Amino acid sequence: MTADTSTDFPDLSHIAPREKAEILAQALPYIRKFHGKTLVIKYGGNAMTDPALQQDFAEDVVLLKLVGMNPVVVHGGGPQIDEALNRVGKKGTFVQGMRVTDDETMEVVEWVLAGQVQQDIVGLINHAGGKAVGLTGRDGGLIRARKLRMRDRENPTAEIDVGQVGEVAAIDPAVVKALQDDQFIPVISPIGFGEDNASFNINADVVAGKLAEVLRAEKLLLLTNIPGVMNKKGELLTDLTAHEIDDMFADGTISGGMLPKISSALEAAKSGVNSVHIVDGRIPHAILLEVLTEQAFGTMIRSH
Ligand SMILES: Nc1ncnc2c1ncn2[C@@H]1O[C@H](COP(=O)(O)OP(=O)(O)O)[C@@H](O)[C@H]1O
Ligand SMILES: CC(=O)N[C@@H](CCC(=O)OP(=O)(O)O)C(=O)O
């Protein structure tokens, strides 16, 4: 199914108080349905560039927590890493949506994600009235990683070396659960640690998908800066099944950063996460609209 891709947000100032009350009351069944449930929200680096939208994001996360849900934030930061690399005279390069990560790049990735982006998000959420705690995959042994063995899509028997890029070997969710139980909101950087204690750069969509699976999350929301997944004609697809995804991978309709995003989303859907959505983070209060209203937007990924 395809849909309109407009990101304009309606002006609500003309709406009468009674209608406003009705809109609020509509949230009740969703609050009841998702009370006590875990929602994994991946906040992509491209979706976090506008200060007003960042504020909306933080308020949405706090509101969900205050009405009894358990939001867990996994953040990206691709554009922010690119900027930092440019400052040291390096250019980011990607293969199949994964950043080629040499030792120097790994240092920059760790510094930007854990030192800058994560702490900015923690600050925003706390300022909006929540209690956020930043974690990397090292904290509490959360994300164990191993080197990603990337297959060449043109020649599947060959491997491409993308350096210190990791895949998730195991997740120990104990630290996340402990924080949730104490009403904290975990904000997780996609950095894992390997057998020899080395750091690995993991794509944030991959971490979000695995975490949603291990936490048995109700929802996985992947916030990005496009309306959703597009077909070859550039039309928005409102839902996608495993079968359709296979075809779109094969004919190249899905490429670049969308490859790990869709693979992770599909894995999560197949492993029992009830609703998996790729959502346009440029829409003000995109999270509230997705979780607490009938409004459907973006692309839903279905296992069948
Ligand atoms: N079929 C597709 N539909 C939509 N976007 C696609 C598609 N194939 C590739 N892309 C690319 O994937 C990008 C989203 O991935 P990415 O930039 O990694 O997002 P994020 O940083 O939010 O994780 C889009 O901006 C677009 O350039
Ligand atoms: C291996 C790999 O590609 N890691 C990503 C991690 C950050 C990320 O995923 O950020 P976005 O979600 O904003 O793209 C990177 O280095 O850019």
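Helices here are DSSP runs of H or I with at least four residues, strands are runs of E with at least two, and both are numbered from the N terminus. The phi of Gln-183 is positive, about 70 degrees, although Gln-183 is not a glycine. Is Gln-183 buried or exposed? Gln-183 is exposed, with 11 other C-beta atoms within 10 Å. A residue is called buried if 20 or more other C-beta atoms lie within 10 Å of its own, exposed if 12 or fewer, and partly exposed in between, with C-beta atoms placed from the backbone.

This is a predicted model, in which local features need pLDDT of at least 70 and side-chain atom pairs count only at pLDDT 80 or more, while totals for chains, interfaces and linings use all residues. Residues are numbered from 1 along each chain as its sequence is written, and chains are lettered from A and ligands numbered from 1 in the order in which they are written.

Two further residues have a positive phi. Gln-96, in the loop between β4 (94-95) and β5, has a phi near 50 degrees. Gln-96 is partly exposed, with 18 other C-beta atoms within 10 Å. Arg-216, which follows helix α6, also has a positive phi, near 50 degrees.

**The sheet**

In which order do the strands of the open sheet stand? The eight strands follow the order β6-β11-β3-β2-β14-β17-β18-β16, and the pairing is mixed. Two strands pair if DSSP finds at least two bridges between them. At the edges are β6 (132-135) and β16 (239-240); each has a single partner strand, so one side of each lacks a neighbour in the sheet.

| Strands | Bridges | Direction |
|---|---|---|
| β6 and β11 | four bridges | parallel |
| β3 and β11 | two bridges | parallel |
| β14 (219-224) and β17 | six bridges | parallel |
| β17 (275-280) and β18 (299-301) | three bridges | antiparallel |

In β17, Asp-280 is the bridge partner of Thr-224, while Ile-278 stands opposite Thr-299 in β18. Strand β17 is mostly covered, with five of its six residues buried.

In a regular strand the side chains alternate between the two faces of the sheet. Strand β11 can be read this way: Ile-185 and Val-187 point one way, Pro-186 and Ile-188 point the other way, and all are buried.

**The helices**

Helix α2 (residues 51-66) lies across β2 (38-43), β3 (70-75) and β11 (185-188), and runs at about 150 degrees to β3. Axes are lines fitted to C-alpha atoms, for helices over the stretch in contact, and angles run from 0 to 180 degrees between N-to-C directions.

Two packed helices are described by the angle between their axes and the distance between the axes. For α6 (residues 204-214) and α8 (residues 258-270), the angle is about 5 degrees and the axes are 8 Å apart. The two helices are therefore roughly parallel to each other, a term for angles under 35 degrees; over 145 counts as roughly antiparallel, 65 to 115 as roughly perpendicular and the rest as oblique. Among the residues making the contact are Ala-208 and Ala-212 of α6, and Ser-264 and Ala-268 of α8. Contact here asks for C-beta atoms, placed from the backbone, within 7 Å. By class, the contact has six nonpolar, two polar and four charged residues. Ala, Val, Leu, Ile, Met, Phe, Trp, Tyr, Cys and Pro count as nonpolar, Asp, Glu, Lys and Arg as charged, and the others, Gly among them, as polar. Helix α6 is mostly covered, with 10 of its 11 residues buried.

**The two ligands**

Which residues are closest to ligand 1? Of the 20 residues around ligand 1, the closest are Gly-44, Thr-224, Met-230, Gly-257 and Met-258. A residue is near a molecule if its C-beta atom, placed from the backbone, lies within 6 Å of it. The shell around ligand 1 holds six nonpolar, 12 polar and two charged residues.

Ligand 2 is surrounded by 17 residues, and the closest are Gly-45, Gly-76, Gly-78, Arg-99 and Ala-204. Helix α3 (78-87) and strand β5 (98-99) are the elements that give two or more residues to this shell. The shell around ligand 2 has seven nonpolar, nine polar and one charged.

Note on methods. Contact = placed C-beta atoms within 7 Å.
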